[in-house]
Amino acid sequence: IDVGVFNRIQDKLARNVKKTPTGRIYLFSRLIVCPVCGRKLYAHGYSDNTKNTYYHCSSRYIGYGGKCGFGHIREDKLEAQLLDSIGLFAEQTVYRFKTATDTNHDHDKKVLENKLERLKDLYIDGDIDKNEYANRKATFEGELSKLNELTNRNGTLANEIMELNVRQIYERLTPENRQAFWHRFVKKIIVNKDKEVIDVIFVSN
């Protein structure tokens, strides 16, 4: 990766760093959803020799009628899973977004194109003068141009993930910027009861 590109990514990510009072860096705090009760998982760092970080369901701490029974998931194992599959999840997200967006935009474009045709008929029939025709035509064409731009631009950060060599960049990031990376791109991480990542919801932009 180009050094200039890498430095710009580092600077951009630095604005998303979230520090704890203890100074520990939790990569996925508030991003993981409990597969049992749907609450957020919270990080807890152990002071043992392994220095592993675990994520537990918030019911463990807040007292929503007792623990939900999920247990915990280890940060390093979750991180490895995500790095292996983040590109695939991004590709799936972009496809879903593009399919839905294209369907909506196709309908809107047809509406505007029909309006332009009716406007032309009004002008030819003499129901509106040249100035009114020109003004209304410019308005409709402007709206149509904006729709075409939206169709060609995916409005999700998942598209950026697809264009990056994630692992190459990620391995060179500081711990703080690794945390910022996930919070910059990811809104929600979905795991199953076997602690496997089954979906990633990306931040919309």
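Start by selecting Lys 188 and then Ile 201, its bridge partner in strand S6. You are looking at a predicted model, in which local features need pLDDT of at least 70 and side-chain atom pairs count only at pLDDT 80 or more, while totals for chains, interfaces and linings use all residues. Residues are numbered from 1 along each chain as its sequence is written, and side-chain values use heavy atoms, with hydrogens and water left out.

**The sheet**

Now widen the selection to strand S5 (residues 186-191), which runs antiparallel to S6 and is joined to it by five bridges. Strands here are DSSP runs (E, at least two residues), as are helices (H or I, at least four), and both are numbered from the N terminus. Two strands pair if DSSP finds at least two bridges between them.

**Two loop residues**

Most residues other than glycine have a negative phi. Go to the loop between S5 and S6 and pick Lys 195, whose phi is positive, near 70°. Lys 195 is partly exposed at 31% relative accessibility (buried is under 20% relative accessible area, exposed over 50%, partly exposed in between, with a 1.4 Å probe and protein chains only). Then jump to Arg 30, in the loop between helix H1 (3-14) and S1. Arg 30 also is not a glycine, and has a positive phi of about 70°.

**The core**

Select Trp 182 next. Which residues does Trp 182 contact, leaving aside its neighbours within four places in sequence? They are Leu 27, Phe 28, Leu 31, Leu 82, Leu 83, Ile 86 and Tyr 170, where contact means heavy atoms within 4.5 Å. Trp 182 belongs to the largest nonpolar core, of 32 residues, and is listed with Phe 28, Tyr 55, Leu 78 and Ile 189 as touching the most other members. Such a core is a set of buried Ala, Val, Leu, Ile, Met, Phe, Trp, Tyr and Cys residues joined through side-chain atoms within 4.5 Å. Elements giving two or more residues to this core include strand S2 (41-45), strand S3 (53-57) and helix H6 (166-170). Helix H3 provides the largest share, six residues. Apart from this core lies another, of eight residues, among them Leu 116, Leu 119, Ile 128 and Phe 140.

**Salt bridges**

Finish with the charged pairs. A salt bridge is a side-chain nitrogen of Lys or Arg within 4 Å of a carboxyl oxygen of Asp or Glu, and the count comes to five. Among them is Arg 74 with Asp 76, with the closest N and O atoms 2.7 Å apart. Arg 74 is partly exposed at 25%, and so is Asp 76 at 33%. Along helix H3 (residues 75-124), pick Glu 117 and Lys 120, three residues apart, about one turn of the helix; their side chains meet at 4.0 Å, N to O.
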